[in-house]
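Thank you all for coming; I would like to take a few minutes to walk through one structure. Please have a look at it first, and then I will go through it piece by piece.

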Amino acid sequence: MRNIERLVKQFNRIPSLPEGESVSEMVNEKVTRADNDGNDDVIELLCLSKTTRFSIWLVIFLPKIGIVAFLTYTGMVWLTATQSFADLILNALALEFVINIDDVLYSSFFPKNLVDCVGKMKIANPALEESEKEDSLAGYWRSVYYLSIMFAFVIIYLLFLQPVLPGYSRDFGYYCSDFLAEELSPKCAMGSHKDCFPFGHHS
């Protein structure tokens with residue numbers, strides 16, 4: 001969901017940039033007040049040529065959309081097929097590592113000066129920046145909107161779309177009630193741990 005939200009923000013910024021032809025028109029480096037990380041200069045992306053805009057969509061956006069869609073579907077199927085809550089937590093952590101592996105590879109194998117240079121790159125769009133500053137309340141509502149969509153999609157997926165148990169009519173509890181009662185009920189009732197099983201030198 002975080003990757004999808006990041007893609008949506010990038011989609012909103014890139015098409016709004018005006019067209020430019022040369023690199024000198026597209027990029028502007030300016031010195032600003034030092035931030036918490038010690039960076040005192042910013043590289044602004046002012047405009048994009050048609051070739052650069054097409055290359056960004058072809059090389060960055062379309063592969064990102066495909067990767068996010070593939071990982072979302074594969075991850076949902078993988079987590080749905082998990083047989084226990086302990087394995088569910090471990091698989092969720094492993095899936096988080098797989099999702100963030102590109103950031104790990106990028107920060108580990110690319111030169112530090114290149115990483116710093118990319119980190120200084122900002123998309124200069126005064127209209128969007130002002131609207132984002134004035135619209136902080138809309139940002140909270142947007143987060144609630146994404147969260148609601150996520151919960152609704154998970155419920156719809158588990159009830160109607162999951163391929164792990166096709167045609168599942170939620171009759172598992174009816175046929176396996178004795179097994180579930182034996183497996184899920186506590187071995188010792190609360191407060192009866194002394195008489196529940198032998199321990200110490202009395203065992």
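Let me begin with pLDDT, which is the predictor's confidence in each residue, on a scale from 0 to 100. This is a predicted model, in which local features need pLDDT of at least 70 and side-chain atom pairs count only at pLDDT 80 or more, while totals for chains, interfaces and linings use all residues. Residues are numbered from 1 along each chain as its sequence is written, and side-chain values use heavy atoms, with hydrogens and water left out.

The chain has an average pLDDT of 77, and 74% of its residues score at least 70. Among the elements of the chain, the lowest mean pLDDT, 53, belongs to helix α7 (residues 126-134), and the highest, 90, to helix α4 (residues 85-99). Here helices (H or I, at least four residues) and strands (E, at least two) are DSSP runs, numbered from the N terminus.

In total there are eleven helices and three strands, and along the sequence they follow the pattern α-α-β-β-α-α-α-α-β-α-α-α-α-α.

Turning to burial, I call a residue buried under 20% relative accessible area, exposed over 50% and partly exposed in between, using a 1.4 Å probe and protein chains only. Of the 203 residues of the chain, 14% count as buried, and in α8 the buried residues are Gly139, Tyr146 and Tyr157.

Leaving aside residues up to four places away in sequence, Met26 has contacts (heavy atoms within 4.5 Å) with Glu44, Leu45, Leu46, Cys47, Leu48, Ser49 and Thr52.

How many salt bridges does a search of the whole structure find? Taking a salt bridge as a side-chain nitrogen of Lys or Arg within 4 Å of a carboxyl oxygen of Asp or Glu, the search finds one. Lys112 pairs with Asp116, and their closest N and O atoms are 2.9 Å apart. The two are four residues apart in helix α6 (residues 112-120), so about one helical turn separates them. Lys112 is exposed, at 62% relative accessibility, whereas Asp116 is partly exposed, at 32%.
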